[in-house]
Amino acid sequence: MHEVGSPGIPGRLAAGAFRLRRTKFRTTSSRGLRPQRDHTVSSESGTYIMGRNSRETHRLGVQGKLYATHTRHLLAQAGIEPGMRVLDIGCGGGDVALEVARLVGPTGSVIGVDSDADLLAVAEQRMAAEVVHNVVSQQATVPRIPLDGPVDAIVGRLILIHLPDPVAAVREMRTLVRPGGIMAFQDLNTYRAHSVPAAIPLVTQSLAWVSAALRAGGCSVAAGDELFTILRAAGLPMPALAASSPASGDPDSLVLEHITESVITLLPLIERAGIATRANVDPDTLLARLRAEVQDAGAAVYSPELVSAWARA
Ligand SMILES: C[S@@+](CC[C@H](N)C(=O)[O-])C[C@H]1O[C@@H](n2cnc3c(N)ncnc32)[C@H](O)[C@@H]1O
């Protein structure tokens, strides 16, 4: 079906083009959000398909809340525990780093790495607001991450599948983890999103728009399924697997908001690829119409399935 919340397509940055910034997340009450660049481009041009603007930041926030407990549960299953030093690759707005910080507790620490300085600034603000002190941010391009020593675990949500060469990246990042440490990655199976007991037309249509846009941008709608193959090809021991989906019959839940925000973020691509027009989508009323249809049908909607694949380094 679709790949709501799908992930970023990384920029093809020149080798060696990373720049290191090491900043403790700190209180920034006097500092507002930095203005964000506003563009949405396809993966073919080597950039982030979901766009880089405040609406996408909002979408990432909705997505972060929707998947928070699922991410935490899957990471705990992978063996993230108190006291660990964990690297979060492609940390974006810090949702996973925050969940990892909760799992490792005050005796552990998290290093959140992203190539996007604006998103790192958002992450810093969130850590400050939540009074989280054991997370640091670092601007770098995965997999070239300068560290001052091995970590106990590397985690990455909605990032691995979108690296230009994910197998080579996993091989390279394995050198950053202590022997026997954890490498755990998560991504979405968008094609698994659905409604019960029957398909709701506007839900199905919205998921189809998102799915078609992601394909047009070169993204997989089965990114979760692909993690297993990537970890095997990288030479890791047999990965363990688990999957989990947020779902709700409440029309006001984040499930429908997440679908709506994904359609809206992808709308420029939807139009450019000739998938639908803005008038067809009618973004300003989409959420209300989705809610009404789900309410009238007495249906429940399952979000894309989050798959976790992990192995010992
Ligand atoms: C879909 S977001 C996921 C963010 C976060 N992991 C989450 O689940 O909320 C993908 C993130 O990966 C970052 N990213 C993409 N390619 C990268 C690379 N090669 N190195 C570092 N960060 C990268 C993007 O800037 C973006 O923040």
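Which residue takes a positive phi just after helix 6? Gly235 does, with a value of about 85°. The structure is a predicted model, in which local features need pLDDT of at least 70, side-chain atom pairs count only at pLDDT 80 or more, and totals for chains, interfaces and linings use all residues. Residues are numbered from 1 along each chain as its sequence is written.

The secondary structure comes to nine helices and eleven strands; these are DSSP runs, with helices (H or I) of at least four residues and strands (E) of at least two, numbered from the N terminus. Of the 313 residues of the protein, 50% count as buried. A residue is buried if 20 or more other C-beta atoms lie within 10 Å of its own, exposed if 12 or fewer, and partly exposed in between, with C-beta atoms placed from the backbone. Among contacts between residues at least 6 apart in sequence, 83% join residues at least 24 apart. Two residues are in contact if their C-beta atoms, placed from the backbone, lie within 7 Å.

The largest nonpolar core has 84 residues. Such a core is a set of buried Ala, Val, Leu, Ile, Met, Phe, Trp, Tyr and Cys residues joined through C-beta atoms within 7 Å. The residues with the most contacts inside this core are Ile80, Val86, Val100, Ala153 and Ile154. Helix 7 (residues 254-272) gives the core nine residues, the largest share. Not counting residues up to four places away in sequence, Ile154 touches Leu87, Ile89, Met173, Leu176, Val177 and Met183.

Helix 7 also holds Glu257. This residue is partly exposed, because 19 other C-beta atoms lie within 10 Å. Apart from neighbours within four places in sequence, Glu257 is in contact with Val62 and Leu287.

Strand 3 (residues 109-114) is mostly covered, with six of its six residues buried. Ser109, Ile111 and Val113 are buried on one side of strand 3, and Val110, Gly112 and Asp114 are buried on the other. Strand 3 runs parallel to strand 2 (residues 85-89), to which five bridges join it; strands pair if DSSP finds at least two bridges between them. Within this pairing, Asp88 stands opposite Gly112. Strand 3 also pairs with strand 4 (residues 135-139), again in the parallel sense and over five bridges. Here Gly112 stands opposite Ser137. The chain passes from strand 3 through helix 3 (residues 117-129) to strand 4 in a right-handed β-α-β crossover. A crossover is right-handed if, with the strands pointing away from the viewer, the path from the first strand over the helix to the second runs clockwise. Strand 2, helix 2 (residues 95-104) and strand 3 likewise make a right-handed β-α-β unit.

Helix 2 is largely enclosed by the rest of the structure, because nine of its ten residues are buried. These are Asp95, Val96, Ala97, Leu98, Glu99, Val100, Ala101, Leu103 and Val104. They are covered by elements including helix 1 (54-78), strand 2, strand 3, helix 3, strand 4 and strand 5 (151-157). Just after helix 2, Gly105 takes a positive phi of about 70°.

In helix 6 (residues 223-233), the buried residues are Ala223, Gly224, Asp225, Leu227, Ile230 and Leu231. They pack against helix 4 (166-174), strand 6 (177-189), strand 8 (240-244) and strand 11 (305-312).

An open sheet of three strands has the order 7-10-9 and antiparallel pairing. Strand 7 (194-196) and strand 9 (247-248) are the edge strands, each pairing on one side only. Strand 9 pairs with strand 10 (residues 300-302) in the antiparallel sense over two bridges, and Ser248 has Val301 of strand 10 as its bridge partner.

Leu207 is found in helix 5 (residues 201-216). This residue counts as buried because it has 27 C-beta neighbours inside 10 Å. Leu207 and Pro304 are 97 residues apart along the chain, and their C-alpha atoms are separated by 9.8 Å.
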